[in-house]
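Q: I'm new to this one. Can you walk me through a helix contact and then some salt bridges?

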Amino acid sequence: MTTMEKPLTAMLQPGGIPLDVTGYERAGGYQALRKALTMTPEAIIGEVKRSKLRGRGGGGFATGRKWEAVPTGADAPRQRYLVVNADEMEPGSFKDRLLLEQTPHQMIESVIISAFAIQADIAYIFVRAEYVLALGRLARAVAEAQAHGYVGTNILGSGFALTIHVHASGGRYICGESSAMLTALEGRRPIPRSRPPRSAQSGLWGKPSVVNNVETLCNVPHIIERGADWFLSLSRGADGGTKLYGLSGRVKRPGLWELPLGTSLNEILEEHAGGMQAGYECRAVLPGGASTAFVMAADFDVAMDFTSVQKVGSSLGTGNIMALDDRRCPIGMLRNLEHFFAQESCGWCTPCRDGLPWVERILAAIEAGEGEPEDLETLAHHVAFLSSDGTFCDLAPGAMAPLGSALKHFRAEFEQHIKEKCCPWHDTAETWA
Amino acid sequence: MSTAEQDRKDAPLDAALRQEIAALAQHAEYKRAAGTDALKLVQKRFGFVSDQHLAEVAALLEMTPAELDSVATFYNLIFRRPVGRHVILLCDSVACWVMGEAAARNHLCARLGVNLGETTQDGRFTLLPIVCLGHCDHAPAMMVDEDQHGDLDAARLDAILEGYR
């Protein structure tokens with residue numbers, strides 16, 4: 001590693017006030033757009049494919065391949081849509097918020113280039129309603145970009161036309177699921193859609209659509225400006241780029257850091273977050289949100305990239321890490337996680353709608369000292385059943401990731417609760433520290 | 001709620017608001033796509049979306065009330081029942097749980113004399129749980145109306161509540 005470049009956060013300003021359009025231009029902004037408009041859409045997609053940019057929202061799908069699936073050419077259907085998934089609601093994740101609030105023009109430039117690559121006519125930025133600051137700043141950035149000729153008809157004289165809408169959600173986790181997001185934008189009850197067809201063929205209002213995460217897209221101008229080889233060189237792993245890693249829990253300095261993709265969990269925990277607070281020990285982490293399996297302390301040397309985290313039985317997810325310390329009950333943490341999933345299930349698929357509340361009830365009973373030995377079999381059965389492809393979307397499989405890993409790694413704690421008929425952590429369950 | 005206030009909340013949408021909603025519908029590619037935005041406009045004015053207002057909005061968007069209600073009731077942030085002057089959204093997701101969400105909840109419930117989902121006697125606050133607010137590096141966290149508050153403890157909670165009359 002010869003350089004320590006941080007393209008996504010290079011333009012952050014002290015105090016967090018974002019650059020306006022002229023400030024962003026002065027700092028080199030919208031140069032990548034100028035370059036992109038001299039390229040063909042195919043060349044842009046080719047460069048993004050070579051950069052090995054993978055989705056930063058949790059799925060990890062190759063961005064270039066997603067774009068490639070959109071039918072283009074004279075007889076391809078119109079309109080075509082680009083939708084930015086700015087509905088950051090994965091518990092423990094707060095990275096997209098930083099980019100939306102503090103680099104809105106980087107977001108807009110990313111949208112324009114990406115829309116050009118798939119020849120989209122209309123782009124939506126789908127933002128969770130609680131991100132009030134982000135919504136205001138994005139709306140202002142769109143207006144400024146329009147006034148400067150970056151958005152509208154005949155962008156910078158290229159002939160390319162794009163409209164950008166900033167949409168505030170009504171608030172529901174499932175809207176972050178890409179097909180549910182499209183349904184939400186159509187003004188319907190946002191339940192995920194069965195596939196096929198894929199959104200790239202038939203998405204918003206039945207037209208070709210691509211949904212990409214905020215952080216994913218914000219990499220695109222930098223890839224176009226500096227090339228795929230440069231982007232690959234930023235990473236310590238096989239896939240390209242940096243990653244906005246976050247860490248929350250009882251660490252000395254909770255926060256967000258842009259680091260090379262593949263930085264080790266240990267380095268993030270010890271160097272960047274400053275290690276655990278005095279008197280706390282980190283037993284395990286959820287490496288990338290509520291939908292990722294526990295990574296135990298023995299595996300903290302894992303590189304936080306897509307393939308390495310899978311090798312230790314979990315997934316990179318959003319790369320925003322949550323630490324479980326020794327003063328909190330793992331069963332209580334699970335009960336909290338499954339409560340979240342049960343609440344936020346859209347209710348369409350029966351296994352998810354009925355299974356998740358059942359799981360939550362069992363966990364609550366175990367935590368209250370009312371668990372039975374056979375409860376563990378019932379939980380294991382749910383993990384097997386809900387992780388399979390019996391549901392339209394990944395909410396239920398995601399919900400089973402922490403539970404499945406906990407049944408393995410926290411077996412002794414489960415059994416202790418059931419045997420002793422109480423929670424060993426019961427006197428810390430409702431304390432501040 | 002006083003009778004006068006009740007009357008106001010049940011009054012038909014005025015011409016200006018109807019026009020705003022019609023403009024939203026015009027701008028959308030299909031009218032129904034403006035549903036969430038339209039419901040939020042109504043909520044901004046009246047605090048919540050009453051049955052009558054829901055039916056009026058549905059008519060403007062060429063939907064049945066049931067269709068629009070299936071959208072309205074789906075969302076965490078569309079209120080179909082009256083709420084207090086200020087709405088507290090207390091994050092109950094896992095990053096906050098680790099950092100003392102239960103203590104924050106107990107403190108708020110005791111101070112306000114309500115359970116989650118309830119409004120104080122004086123109509124000042126409604127206390128609701130919300131999923132992860134993306135403020136995890138300052139957990140435990142909450143929002144009051146459109147303001148975000150983090151690093152909550154008992155003293156800070158008391159001070160924050162004082163700021164909302």
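**Helix packing and salt bridges**

A: In this predicted model, helix 6 (residues 104-117) of chain A packs against helix 7 (residues 132-147) of chain A at an angle of about 60°, and their axes are 9 Å apart.

Q: What does that angle make helix 6 of chain A relative to helix 7 of chain A?
A: Helix 6 of chain A is oblique to helix 7 of chain A, because angles of 65 to 115 degrees would be needed to count as roughly perpendicular and angles under 35 degrees to count as roughly parallel.

Q: Is the crossing of helix 6 and helix 7 of chain A left-handed or right-handed?
A: The crossing of these two chain A helices is right-handed.

Q: Which residues make the contact?
A: On helix 6 of chain A they are Pro104(A), His105(A), Met107(A) and Ile108(A). Helix 7 of chain A contributes Arg137(A), Leu138(A), Ala141(A), Val142(A), Glu144(A) and Ala145(A).

Q: How do the residues of that contact divide into nonpolar, polar and charged?
A: There are 7 nonpolar, 1 polar and 2 charged residues in the contact of helix 6 with helix 7 of chain A.

Q: New topic. How many salt bridges are there over all chains?
A: A search of the whole structure finds 29.

Q: What is the N to O distance for Arg283(A) and Glu413(A)?
A: Their side chains form a salt bridge at 2.4 Å, N to O.

Q: Where do Arg283(A) and Glu413(A) lie?
A: Arg283(A) is in strand 7 (residues 282-286) of chain A and Glu413(A) is in helix 18 (residues 411-420) of chain A, so the pair ties together parts 130 residues apart in sequence. Arg283(A) is partly exposed, at 22% relative accessible area, whereas Glu413(A) is buried, at 10%.

Q: And in chain B, which side chain meets Asp51(B)?
A: Arg80(B) does, in a salt bridge of 2.7 Å, N to O. Arg80(B) lies in the loop between helix 5 (65-72) and strand 1 (86-91) of chain B, and Asp51(B) in helix 4 (residues 51-60) of chain B, so this pair joins parts 29 residues apart in sequence.

Q: Is Asp51(B) buried or exposed?
A: Asp51(B) counts as exposed, because its relative accessibility is 56% and the cut-off is over 50%.

Q: Which residues do salt bridges that share partners join into one network?
A: Lys95(A), Asp96(A), Glu215(A) and Lys243(A).

Q: Are Lys95(A) and Asp96(A) buried or exposed?
A: Lys95(A) is buried, at 1% relative accessibility, and Asp96(A) is buried with a relative accessible area of 3%.

Terms used
Residues numbered from 1 in each chain as written. Chains lettered and ligands numbered in written order. Predicted model: local features only at pLDDT ≥ 70, side-chain atom pairs only at ≥ 80, totals over all residues. Heavy atoms only, no water. Axes fitted to C-alpha atoms, helices over the stretch in contact; angles between N-to-C directions. Helix = DSSP H or I, 4+ residues; strand = E, 2+ residues; numbered from the N terminus. Parallel < 35°, antiparallel > 145°, perpendicular 65-115°, else oblique. Left-handed = near helix turned anticlockwise from the far one by under 90°. Contact = heavy atoms within 4.5 Å. Nonpolar A, V, L, I, M, F, W, Y, C, P; charged D, E, K, R; others polar. Salt bridge = Lys/Arg side-chain N within 4 Å of Asp/Glu carboxyl O. Buried < 20%, exposed > 50% of the residue type's maximum accessible area, 1.4 Å probe, protein only.
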